[in-house]
Amino acid sequence: MSRVAPAVTAVDLVRTFQPRKQPLVTALDAVNLSVDQGEVHGLLGPNGAGKTTLVKILTTVLLPTSGRAEICGHDVVRDAKAVRPMIGIVFGGERGLYTRLTARQNLEYWASLYRLPGSQIKPRAAGLLERVGLAEKADARVETYSRGMKQRLHLARGLIAGAKVLFLDEPTAGMDPLAAREFRNLITEIRSEGTTILLATHDMVEAEVLCDRVTLIDRGRILATESPRSLGRLVSRFQRIDVDGADRELLDRVAALPGVESIAPGTEGHRIHVDGDEHVSIVLKVIVEGGVVGVRTSRPSLEEVYVGLIGDRGLQV
Amino acid sequence: MRGFRAGFRLQLSFFRNYPDMLIPLLTAPLFTIIFSMVLRHGGRSDLSGYAVIAPFYMSLWWFAIFNGGWVIQTERWEGTIDYLVAAPTGFASVIVGRISTMMFAGAFAFVEVWLFGRYVLHATVTIHHPYVFGASLLLTLFAMTTTSLFMANLFVLSRSAVTFSNSASYPIYLLGGILVPIALLPGWLQPVTNIVFLSWSARLLRGSLGATPIANAGFDLAMVFVLGLAALILASALLTRILRRAQQTGELALR
């Protein structure tokens, strides 16, 4: 039985840079990664973690120092020509477009470079402009676009050839919240079509909302790869129950139950940490029978995981 | 071929959106007036062809160095170069396509100044050797394209590219025998002109406008081709080196 190759594979991938008169910098340190076809995979890490370096190697822009990487079973170094038609790229920021040309001219040009048949170029560009909400401004020069519009055009360019794997490198960086939300809605649409997406970001909300799995990367090393929900276990093995308005007597009774590790004051009520899922239902029953109606269970958010694993470095990179 | 066509059309779009890129087509007739007046004042109306040839070369060179020479650097400045390198179509073919559009614009300058000379200045410019003229024009466009490609690569590597591109034009006009006949240059300088393809090309084009037979036309044509080919080989080697180095160092796009 033939096995479908993962959309993205990295094996012991190393990338170093030698800045002039400075020590060697290791941007990627033995990175191993596998992304299944159709998966939306987040690469989450602070600035300088190695996310962009990894994306650039996977998109054939940069060579690895050692190790190997494949896209749908094709080596990104030896078989770059086979890789390129399969990938779409959206690097973040405002650059990367011909600002003196219109959005339509930009898209039609890239469609030619991705070898779309001549008869398909115009309809494909028009369809994508419609899809990303730029149809009315299709013939305006890109230099007149807002940042959000430019990012949507970047996305349209990434989709121009029907890529199997779409690389998004901080696509919502610098966008206002509404534009970022619109952009995420577009990504959600694209994932429903089965496109594999590798999303490099340091936006926790983005990763949590969009990704099936998230890889935490820091200083070129992978710290963990899990679903956003499962990642919580890495910083806390406890289930958390937040209760509002519980009196002292009830809290003392709960504290004596098996599996209850601690009870700490929260922002509004108290947070109870319970070790093991099997104890949660008993604790909940006691709380509800005690007359408390404000009850919520939760796991650590991705942001808590991020800070817990990577640490709060402030402005350090 | 897809890359070439895409590059060709891209540059056409630039010309359409920004006609100021075609400024040499505006200045070429002005230079024709200057050169025609100088020749008439000197009583050498028989050299009217020179007044057409010189502005044509100046326009072509302008397109080659100021547009074509910067074509890779502008891709870096726009941040489009990473996308271009990662596209399925060859990077070089796109760049050659863009430069070729510029050369077509430069070739149009010849038609423009010829018509201007004939109908506005009433200068007699007759092509007496049409085959030599056609062959030398085609080879000149080829050599100018490859020279432009070579400079486009050189400008990526050079820190003094702006200074060079701004100051190289008039020395090249002199060494190419465009403004002053090479025979009038100092003796020690004349051998240097042999490595400038324009010197062979200009002699051919001027010769094809004269009624007398052209001596060694075949050799001159071969020299234009060989020097154009040399520029192409150098450009290819440089481009391969630049792209490889960029993939190794990650310094392809400017940040």
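Over how many bridges do β1(A) and β2(A) pair, and in which sense? I looked this up first.

**Entry: conventions.** The model is predicted, so I kept its limits in mind: local features need pLDDT of at least 70, side-chain atom pairs count only at pLDDT 80 or more, and totals for chains, interfaces and linings use all residues. Residues are numbered from 1 along each chain as its sequence is written, while chains are lettered from A and ligands numbered from 1 in the order in which they are written.

**Entry: sheet with β1(A).** Strand β1 (residues 8–17) of chain A pairs with β2(A) in the antiparallel sense, over 7 bridges. I took two strands as paired if DSSP finds at least two bridges between them. Helices (H or I, at least four residues) and strands (E, at least two) are DSSP runs, numbered from the N terminus. Opposite Thr9(A) I found Ser34(A), in β2(A). The open sheet has 4 strands in the order β2-β1-β4-β5 (chain A), and its pairing is antiparallel. At its edges are β2 (25–35) and β5 (74–75) of chain A, each pairing on one side only.

**Entry: β6(A).** Buried stands for 20 or more other C-beta atoms within 10 Å of the residue's own, exposed for 12 or fewer, and partly exposed for counts in between, with C-beta atoms placed from the backbone. One side of β6(A) carries Ile87(A), Ile89(A) and Phe91(A), the other Gly88(A) and Val90(A), and both faces are covered. β6(A) pairs with strand β7 (residues 165–169) of chain A in the parallel sense over 5 bridges. The bridge partner of Ile87(A) in β7(A) is Val165(A).

**Entry: chains A and B.** I counted contacts (C-beta atoms, placed from the backbone, within 7 Å). On this basis 23 residues of chain A are in contact with 24 residues of chain B. On the side of chain A that touches chain B, β6 and α3 (103–113) of chain A are the elements that give two or more residues. α3(A) gives the most, with 4 residues.

**Entry: α2(B).** In α2(B) the buried residues are Pro24(B), Ala28(B), Phe31(B), Thr32(B), Phe35(B) and Ser36(B). Down the axis of α2(B), these fall within an arc of 135°, so they line one face of the helix. The arc is that of the directions from the helix axis to the C-beta atoms. Leu26(B), Leu30(B), Met37(B) and His41(B), on the other side of α2(B), are exposed. I traced the packing of the buried residues of α2(B) to α3 (48–67) and α6 (91–119) of chain B. Gly43(B) follows α2(B) and has a positive phi, near 75°.

**Entry: Arg152(A).** I found Arg152(A) in helix α5 (residues 147–159) of chain A. Arg152(A) is buried, with 27 other C-beta atoms within 10 Å. Leaving aside neighbours within four places in sequence, Arg152(A) is in contact with Val132(A), Gly133(A), Leu134(A) and Phe183(A).

**Entry: chain A overall.** I noted 10 helices and 14 strands in chain A. Of its 317 residues, 41% are buried.

Methods:
Two residues are in contact if their C-beta atoms, placed from the backbone, lie within 7 Å.
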